[in-house]
Amino acid sequence: MLSEYLLAEMSRLGQSGELPLHRQLYEALRRALLEGKLGAGDRLPSSRDLAQDLSLSRNTVVAALGQLTVEGYLVSHVGSGTFVHDHVPQRALRLWAPSAEPARLSQRGEALAHRHCARDLEIQPFTPGTADFSAFPVALWQRLQNKHWRAAYPEMLDYNDSGGYGPLRRAVADYLRVFRSVRLDADQVLITSGTQQSLELCAHLLADHGDTVWLEDPAYWGAVKAFTATGLAIHPVAVDDEGIAPSATDEAHPPRLIYVTPSHQYPTGAVMSLARRQQLLATASRCNAWVLEDDYDSEFRFSGPPISSLEGLDEEGRVLYMGTFSKVLYPGLKLGYLVVPKALVHAFKQAHYDLNRPGQMPLQAALAEFIEMGHFASALRRARQTYAERRQLLVDALAPVLSSGLGRIHGAAQGLHLCLRLPSHADDRAMAAQAAREGLTVRPLSAYCLQRQDLRGLAIGYGYAASAGIQRHGAALAQLLTTRVAPSRT
Ligand SMILES: Cc1ncc(COP(=O)(O)O)c(C=O)c1O
């Protein structure tokens, strides 16, 4: 019986012509063990008998049995023979026996793997939120990196447990204090690998599995994913022209965390009014919730007075402020920062170390010097001017859509995208799909909505496309919109 099984298996395994005979026998015997054809404690035929039954040389059989013995499947007792090991094959069977159902993702895995965040058309004209990183001063950056690599002492190559490279934390703190009215010491700054990591850290440290997080509706997909991954219950709160607008019904779902983009709501572009900011802080206080302020593109404000951070209004230490270098420098840099209240600094540093094993010190040192030498400020100045021009070109190109009353631009003149609001009957997904066929990536507003059904429009990025491209593609987009929206108006 056993030899028939082994011969059949070896013949199958030998078909490729790649496995030597002793390996074929090893695989066949192993499978016999895993499939339970031999049970724990069973005695195997002697190597001589096996060699004879299988028409193999005894050396071949001894080699296969030897390997299985070394791996713990078999045990050999001098004088009495070779036996199936008592433990390992049983365990192996449980672990490896094929289950009735194919392996599946967890429910969380399904939610995360959903294509909501797909980036397959990312670097295309009009992709929202994408900066023009072709303008990044690569040669200078390379020089700075080389310098810090040459100077790197062993600690710089280790994990880092102090929240990031000191001079970078100080440079970030100075910038935020002056330009964003954030009240902080450098010690409150944690360097992270970007907003995603900042959000996950906040969720891990400030909320428990199943706790409620309020999210703006429509919402930034990255935040949806971060909170899904950390097992929080997402409660959408509608956004209006003044930002997040919680109602009494929302307060029936008291949040542990509230995630907001007050300077430039993503994707609608709404700026949270002062009244709404005060109201939100009061709500957070009543519910004893933390507020997570994502200030992802506040560096690029083109008109009107600068908008200070929400954190600057917070008297109770409830706001955690986060920003990123993805927009001013380039996304693949993977560096951002999180400002935590003083009382939480130690806990955050500790957990950041244990969860993420942060490092990249030479990179952080190069960035610190980049900022200290004024390159960050000049990159920002250049970028601000470029994006302001591009935004205007896009607005001009969309003039036919605006003047015919088909759509209107919503939100502040800020950041890397604008939000074109369309009538509620417009099929913004179909429009985005049509634009994609023409090589333009615009995002339908309805795709960002978590619960509400009333919003239609397009998030259109102007950061990445060069000026000539904006004019050309903008005209094509306007043409597409006027032909797609106009007929369905009547
Ligand atoms: C609202 C918002 N926050 C944060 C980010 C980027 O964060 P990071 O690249 O640091 O993860 C984006 C990028 O598009 C964004 O739209």
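**Exercise 1: the end of the sheet**

Task: In which sense do strand E5 (residues 233–240) and E6 pair, and over how many bridges?

Solution: 
- Step 1. E5 and E6 run antiparallel to each other, joined by two bridges. Strands here are DSSP runs of E of at least two residues, helices are runs of H or I of at least four, and both are numbered from the N terminus. Two strands pair if DSSP finds at least two bridges between them.
- Step 2. For a residue-level view, look at Val239, which sits opposite Ile244 in E6.
- Step 3. Before going on, note that this is a predicted model, where local features need pLDDT of at least 70 and side-chain atom pairs count only at pLDDT 80 or more, while totals for chains, interfaces and linings use all residues. Residues are numbered from 1 along each chain as its sequence is written, and side-chain values use heavy atoms, with hydrogens and water left out.

**Exercise 2: strand E4 and its partners**

Task: How many residues of strand E4 (residues 212–217) are buried, and which strands pair with E4 in the parallel sense?

Solution: 
- Step 1. Six of the six E4 residues are buried, so the strand is largely enclosed by the rest of the structure. Buried means under 20% relative accessible area, exposed over 50%, and partly exposed in between (1.4 Å probe, protein chains only).
- Step 2. Sort the side chains by direction: Thr212, Trp214 and Glu216 point one way, Val213, Leu215 and Asp217 the other, and all are buried.
- Step 3. On one hand, E4 pairs with E5 in the parallel sense over six bridges, and Val213 has Ile234 as its bridge partner in E5.
- Step 4. To get from E4 to E5, the chain passes through helix H10 (residues 221–229), making a right-handed β-α-β crossover. Right-handed means that, with the strands pointing away from the viewer, the path from the first strand over the helix to the second runs clockwise.
- Step 5. On the other hand, E4 pairs with strand E7 (residues 257–260), again in the parallel sense, over three bridges. In E7, Val213 is bridged to Leu257.

**Exercise 3: around helix H10**

Task: How many of the nine residues of H10 are buried, and what stands out in the backbone before and after the helix?

Solution: 
- Step 1. Seven of the nine are buried, so call H10 mostly covered. Among them are Trp221, Val224, Lys225 and Phe227.
- Step 2. Go back to the loop between E4 and H10, where you find Pro218. The Asp217 to Pro218 peptide bond is cis, with omega near 10 degrees.
- Step 3. Now go past the helix: H10 is followed by Gly231, with a positive phi near 75 degrees.
- Step 4. Look for another cis bond at Tyr266 to Pro267, also with omega near 10 degrees. Pro267 sits in the loop between E7 and helix H12 (274–287).

**Exercise 4: the ligand**

Task: Which residues are around the ligand, and which of them have polar atoms at 3.5 Å, 2.7 Å and 2.8 Å from its oxygen atoms?

Solution: 
- Step 1. List the shell, using a heavy atom within 4 Å as the cut-off: Gly194, Thr195, Gln196, Tyr220, Tyr259, Tyr266, Asp294, Tyr296, Thr324, Ser326 and Lys327.
- Step 2. Classify the shell: four nonpolar, five polar and two charged. Here Ala, Val, Leu, Ile, Met, Phe, Trp, Tyr, Cys and Pro count as nonpolar, Asp, Glu, Lys and Arg as charged, and the others, Gly among them, as polar.
- Step 3. Pick out polar contacts (N or O pairs within 3.5 Å; within protein, one atom must be able to donate a hydrogen and the other to accept it, and residues adjacent in sequence count only if both atoms are side-chain atoms). A polar backbone atom of Gln196 is 3.5 Å from a ligand oxygen.
- Step 4. Taken alone, the ligand exposes 400 Å², and the protein buries 88% of that. Those areas come from the Shrake-Rupley method with a 1.4 Å probe; for residues, only the protein chains shown count as cover.
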